[in-house]
Amino acid sequence: MGKIAIVTDSNSGITQAEAQKMNVFVLPMPVIIEGQAYYEGIDLLPDQFFRALTERQAVSTSQPSPGDVTALWDKVLAEYEKLVYIPMSSGLSGTAATAASLACDDPYEGRVFVADNKRISAPQRQSVLDAQAMAAAGKSAVEIKQILEE
């Protein structure tokens, strides 16, 4: 059985620095402030975000572009055989549906498994930890996706 990578997004609360220590991958979510796109944990820090809210600037969120999603997947799949992607809840964003659609196409079919277990924030972070434990215990990517979604 090949190596399985665990991938999530920054809505999990996992920072880029934590992700490196945890050996997981985090897709930064776009935040739009006054029409300018910033990426959570890359060029947008929490204090900047809260300052924008306090100053009543126009703040909104966006789902990551399909190109951003597949660029991260390509990077991960250069090193790993398969990946389990745990995006934010499909009830809050179209991110999971977009990812599931992308995962059905070449070269991702059979290598990328999108686990939409309807979580965000701390519960989403716990799903990442659970997925890591399952991978370490020898579960397949398909099994990890199924268990997370149950």
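**Sheets, aromatic pairs and cores**

In the predicted model, Ile32 has Ala37 of strand S4 as its bridge partner. A further pairing places Ile33 opposite Gln36 in S4. These contacts belong to strand S3, residues 30-33, and strand S4, residues 36-39, which pair in the antiparallel sense over four bridges. The two strands form a hairpin with two residues between them. Glu34 lies in the turn and has a positive phi of about 50 degrees.

Another sheet has four strands. It is open and parallel, in the order S2-S1-S6-S7. Here the edge positions are taken by S2 and S7; each has a single partner strand, so one side of each is left without a neighbour in the sheet. S6 and S7 run parallel and are joined by three bridges. Within this pairing, Tyr85 stands opposite Val114 in S7. Helix H5, residues 122-136, packs on the sheet and touches strand S1 (4-9) and S6. The direction of H5 makes about 180 degrees with that of S1. In a regular strand, side chains alternate between the two faces of the sheet.

A search of the whole structure finds four aromatic pairs. One of them joins Phe25 and Tyr80, edge-to-face, at 5.8 Å centre to centre and with 85 degrees between the planes. Phe25 lies in strand S2 (residues 25-27), and Tyr80 lies in the loop between helix H3 (66-77) and strand S6 (82-86), so the pair ties together parts that are 55 residues apart in sequence. Phe25 and Tyr80 are both buried. A further pair is formed by Trp73 and Tyr108. Their ring centres are 5.2 Å apart and their planes are at 70 degrees, so this pair is edge-to-face. It links distant parts of the chain, 35 residues apart: Trp73 is in helix H3, and Tyr108 is in the loop between helix H4 (95-103) and strand S7 (112-114). Trp73 and Tyr108 are buried as well. Together with Tyr85, Trp73 and Tyr108 form one aromatic cluster. Tyr80 has a charged neighbour too: Lys3 lies over the face of the Tyr80 ring, at 4.7 Å from the ring centre.

Nonpolar side chains tend to be buried together in soluble globular proteins. In this model, the largest nonpolar core has 18 residues. Those with the most contacts inside the core are Trp73, Val76, Leu83, Tyr85 and Val112. S1, S2, H3, S6, H4 and S7 each give two or more residues to this core. H3 gives the most, with five residues. Tyr85, a member of both the aromatic cluster and this core, touches residues from several parts of the chain. Leaving aside residues up to four places away in sequence, its contacts are Val7, Thr8, Asp9, Leu27, Trp73, Thr95, Ala99, Phe113, Val114 and Ala115. A second, separate core has 17 residues, including Ile6, Ile14, Val84 and Phe113.

Some backbone features remain. Most residues other than glycine have a negative phi, and most peptide bonds are trans. The peptide bond from Asp106 to Pro107 is cis, with omega near 0 degrees. Pro107 is found in the loop between H4 and S7, the loop that also holds Tyr108. Arg56 has a positive phi, near 55 degrees. Arg56 lies in the loop between helix H2 (46-54) and S5. Its relative accessible area is 77%, and Arg56 is therefore exposed. Lys118 also has a positive phi, near 60 degrees. This residue is found in the loop between S7 and H5. Lys118 counts as exposed, at 53% relative accessibility.

Methods
Residues are numbered from 1 along each chain as its sequence is written. This is a predicted model: local features need pLDDT of at least 70, side-chain atom pairs count only at pLDDT 80 or more; totals for chains, interfaces and linings use all residues. Side-chain values use heavy atoms; hydrogens and water are left out. Two strands pair if DSSP finds at least two bridges between them. Rings of Phe, Tyr and Trp (its six-membered ring) pair if their centres lie within 6.5 Å; planes under 30 degrees apart count as stacked, over 60 as edge-to-face and the rest as tilted. Buried means under 20% relative accessible area, exposed over 50%, partly exposed in between (1.4 Å probe, protein chains only). A charge sits over a ring if NZ of Lys or CZ of Arg is within 6 Å of the ring centre and within 35 degrees of the ring normal. Contact means heavy atoms within 4.5 Å. Axes are lines fitted to C-alpha atoms, for helices over the stretch in contact, and angles run from 0 to 180 degrees between N-to-C directions. A nonpolar core is a set of buried Ala, Val, Leu, Ile, Met, Phe, Trp, Tyr and Cys residues joined through side-chain atoms within 4.5 Å.
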